[in-house]
Amino acid sequence: MLTIKQLKRRPFVKRLVSELRVNTTPAEREFKRVCDEHGIPAYAQVPFDLGEGRFRVVDFYVPKPWRFCVEIDGSAHDIGDIKLIDVR
């Protein structure tokens, strides 16, 4: 399994993450604002290796001591192909 840094170096992943960071939703911006306001480090659009050449990009990753991911559902998740991916 690849680390986050190794995944981010892959050209396709790098382009995807950059595009997602540019096209943030109002809900994602609000979540980031609240985290910043409370001093909680929240990294946006972080790729995670699922093995077997598969990966997912989560909206936010909050590192130690909490260590959790946040996926903020919005209208982007209502699109056909994305809906199927979310179900898996």
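Predicted model: local features only at pLDDT ≥ 70, side-chain atom pairs only at ≥ 80, totals over all residues.
1. Is Glu37 buried or exposed? Glu37 is exposed, with a relative accessible area of 55%. The cut-off for that word is over 50%.

2. Salt bridges. The structure holds 3 salt bridges. In one of them, the side chain of Glu37 meets that of Arg33, with N and O 2.7 Å apart. Glu37 and Arg33 are 4 residues apart in helix α3, so about one helical turn separates them.

3. Arg33 also forms a salt bridge with Glu30, where the closest N and O atoms are 2.7 Å apart. Both residues belong to helix α3, which covers residues 26-37. Arg33 and Glu30 are 3 residues apart, about one turn of the helix. Arg33 is partly exposed at 40% relative accessible area, and Glu30 is partly exposed at 38%.

4. Asp36 and Lys32 are joined by a salt bridge as well, at 3.1 Å from N to O. These two residues lie in helix α3, 4 residues apart, again about one turn of the helix. Asp36 is partly exposed, with a relative accessible area of 46%; Lys32 is partly exposed too, at 28%. As background, side chains of opposite charge can pair when their charged atoms come close.

5. Positive patch. Which residues gather in a patch of positive charge on the surface? They are Lys5, Lys8, Arg9 and Arg21. Helix α1, residues 4-9, gives the most to this patch, with 3 residues. Arg21 lies in helix α2, which spans residues 11-22. Arg21 has a relative accessible area of 40% and is partly exposed.

6. Backbone: positive phi. Gln45 is not a glycine, yet has a positive phi of about 50°. Gln45 sits in strand β1, residues 43-51, and counts as buried at 3% relative accessibility. Glu52 is likewise not a glycine and has a positive phi of about 55°. Glu52 is found in the loop between β1 and β2, and at 80% relative accessibility Glu52 counts as exposed.

7. Backbone: cis peptide. Where is the cis peptide bond that involves Pro65? This bond joins Lys64 and Pro65, with omega about 5°. Pro65 is in the loop between β2 (54-62) and β3 (68-70).

Conventions
Residues numbered from 1 in each chain as written. Heavy atoms only, no water. Patch = residues over 30% accessible without salt bridge, like charges linked within 9 Å, V, L, I, M, F, W, Y side chains within 5 Å. Areas by Shrake-Rupley, 256 points an atom, 1.4 Å probe, with all protein chains shown as cover. Salt bridge = Lys/Arg side-chain N within 4 Å of Asp/Glu carboxyl O. Lys, Arg positive; Asp, Glu negative; His and termini not counted. Charge placed at Lys NZ, Arg CZ, Asp CG, Glu CD. Buried < 20%, exposed > 50% of the residue type's maximum accessible area, 1.4 Å probe, protein only.
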